[in-house]
Amino acid sequence: MNIHEYQAKEILRRYDVDVPRGKVAFSPEDAERIASELGGNVFVVKAQIHAGGRGKAGGVKLARSIPEVKTLASQMLGMRLVTHQTGPTGKVVQRLLIEEGIDIHRELYLGIVLDRSVSQLVIMASTEGGVEIEKVAAEKPQAIIKEYIDPQLGLQAFQARKIAFGLGLSGEQIKNAVKFILSLYRAFVESDASLAEINPLVVTGDGRVLALDAKMNFDDSALFRHPDILQMRDLQEEDPLEIEASKYKLNYIKLDGNVGCMVNGAGLAMATMDIIKLAGGMPANFLDVGGGANVETVKNGFKIILSDPHVKAILINIFGGIVRCDRVATGIIEAAQSVDIHVPMVIRLAGTNASEAAELLRNSKMNFEVAETLQEAAKKVVKVLQ
């Protein structure tokens with residue numbers, strides 16, 4: 001689950017992670033009041049959407065007076081912000097973060113994420129702050145510092161100091177950075193985060209180290225332990241079909257193509273999307289129905305896929321390991337009889353009783369194309385589109 005920047009900073013404050021003073025505003029009047037409470041003569045007005053690249057798209061503005069804060073808020077609230085992460089349709093700005101101006105001396109990068117290849121959390125840091133870490137990795141890989149964390153020991157103070165030294169900090173900056181890093185790690189672990197990214201992490205003229213921006217994502221499977229974080233979910237920032245799929249415990253992500261995919265298992269789903277593209281098609285979604293693939297899950301999967309008007313064909317690719325293929329085939333037939341399927345469909349079932357399943361599908365007298373291999377299935381679904 002993703003949350004807004006201002007919400008991430010609320011969580012970080014609980015763990016004594018240093019962040020700028022600021023509050024969320026839902027109207028120009030809110031923005032004006034918050035600026036008055038903050039005091040000073042420099043403020044930052046930041047659009048709050050679930051996407052990066054806001055600054056380049058005009059979603060982060062500097063104001064040098066309280067009236068200017070209100071003016072900028074009036075202009076930004078309701079605007080459609082298009083960034084490299086939103087896609088061409090963009091996202092409508094419905095809330096703003098109003099913060100105090102900060103005396104920025106240096107901009108750095110700090111992030112925590114799970115490295116699945118070694119089953120350990122890794123802290124990544126770089127002197128190239130304010131730049132996408134993917135770009136830094138591609139152009140200056142030597143500029144990225146990595147510190148792996150033993151899950152039994154947790155992050156140690158010497159590791160935090162090592163990162164601080166690697167960033168070229170000195171004196172009071174090191175002390176503040178070590179505190180920041182240790183606190184950020186504690187916030188990450190105790191909130192069951194899947195990502196914490198501070199970009200930029202800034203050093204001020206007086207040696208403070210604080211999160212000028214903050215992004216946090218959370219493990220959906222652990223949200224039952226964090227009802228306060230779950231309440232931060234902003235459904236207006238999510239795709240309606242993805243919201244609907246989550247009600248049925250289906251893993252669904254909308255894409256830009258026209259071939260609807262229904263698969264069991266994330267790895268198989270990725271392979272299915274790849275082979276559709278290799279065959280000349282474009283997947284319209286990622287839909288993982290899980291290990292069961294029973295009548296209800298398949299029926300709900302059909303409804304979600306067919307709600308996308310761009311879908312012109314469906315490819316079902318199920319591996320019968322946990323459940324037999326003949327039972328999956330029966331479920332598909334029953335589900336298809338109760339849902340108005342108005343597009344051609346190709347089905348490939350592999351695993352236990354796959355032959356019996358193919359026979360059931362062929363004898364169902366329904367408009368199915370049956371394939372034996374994934375490559376054959378991809379070619380067939382692309383052919384029916386032509």
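Predicted model: local features only at pLDDT ≥ 70, side-chain atom pairs only at ≥ 80, totals over all residues.

User: How many helices and strands does the chain have, and how much of the chain counts as buried?

Analyst: Helices (H or I, at least four residues) and strands (E, at least two) are DSSP runs numbered from the N terminus, and here they come to 13 helices and 18 strands. Buried means under 20% relative accessible area, exposed over 50%, and partly exposed in between, with a 1.4 Å probe and protein chains only; of the 386 residues, 51% count as buried. The C-alpha atoms fill a box of roughly 75 × 50 × 40 Å along the principal axes. Taking contact as heavy atoms within 4.5 Å, residues 24 or more positions apart account for 67% of the contacts with a separation of 6 or more.

User: At what angle do helices α2 and α3 cross, and which residues make the contact?

Analyst: Axes are lines fitted to C-alpha atoms, for helices over the stretch in contact, and angles run from 0 to 180 degrees between N-to-C directions. Angles under 35 degrees count as roughly parallel, over 145 as roughly antiparallel, 65 to 115 as roughly perpendicular, and the rest as oblique. The axes of α2 (residues 28–38) and α3 (residues 66–76) come within 8 Å and cross at roughly 150°, so the two helices are roughly antiparallel. Pro28, Glu29, Ala31, Glu32, Ala35 and Ser36 of α2 meet Ile66, Val69, Lys70, Ala73 and Ser74 of α3. With Ala, Val, Leu, Ile, Met, Phe, Trp, Tyr, Cys and Pro counted as nonpolar, Asp, Glu, Lys and Arg as charged, and the others, Gly among them, as polar, this contact has six nonpolar, two polar and three charged residues.

User: How are α11 and α12 oriented to each other?

Analyst: α11 (residues 325–338) and α12 (residues 354–362) pack at about 20° with their axes 7 Å apart, and they are therefore roughly parallel. The contact joins Cys325, Asp326, Ala329, Thr330 and Ile333 of α11 to Ala354, Glu356, Ala357, Leu360 and Leu361 of α12, and its residues divide into seven nonpolar, one polar and two charged.

User: Is Asp308 buried or exposed, and which backbone atom lies 3.0 Å from a polar atom of its side chain?

Analyst: A polar contact is a pair of N or O atoms within 3.5 Å; within protein, one must be able to donate a hydrogen and the other to accept it, and residues adjacent in sequence count only if both atoms are side-chain atoms. Asp308, in the loop between α10 (295–306) and β16 (313–320), counts as buried because its relative accessibility is 2%. A polar atom of the Asp308 side chain lies 3.0 Å from the backbone nitrogen of His310. Beyond its neighbours within four places in sequence, Asp308 is in contact with Leu241, Tyr252, Lys254 and Ala284.

User: What does the side chain of Thr83 meet?

Analyst: Thr83 lies in the loop between β4 (80–81) and β5 (91–92) and is buried at 8% relative accessibility. A polar atom of the Thr83 side chain is 2.9 Å from the backbone oxygen of Gly52.

Methods
Residues numbered from 1 in each chain as written. Heavy atoms only, no water.
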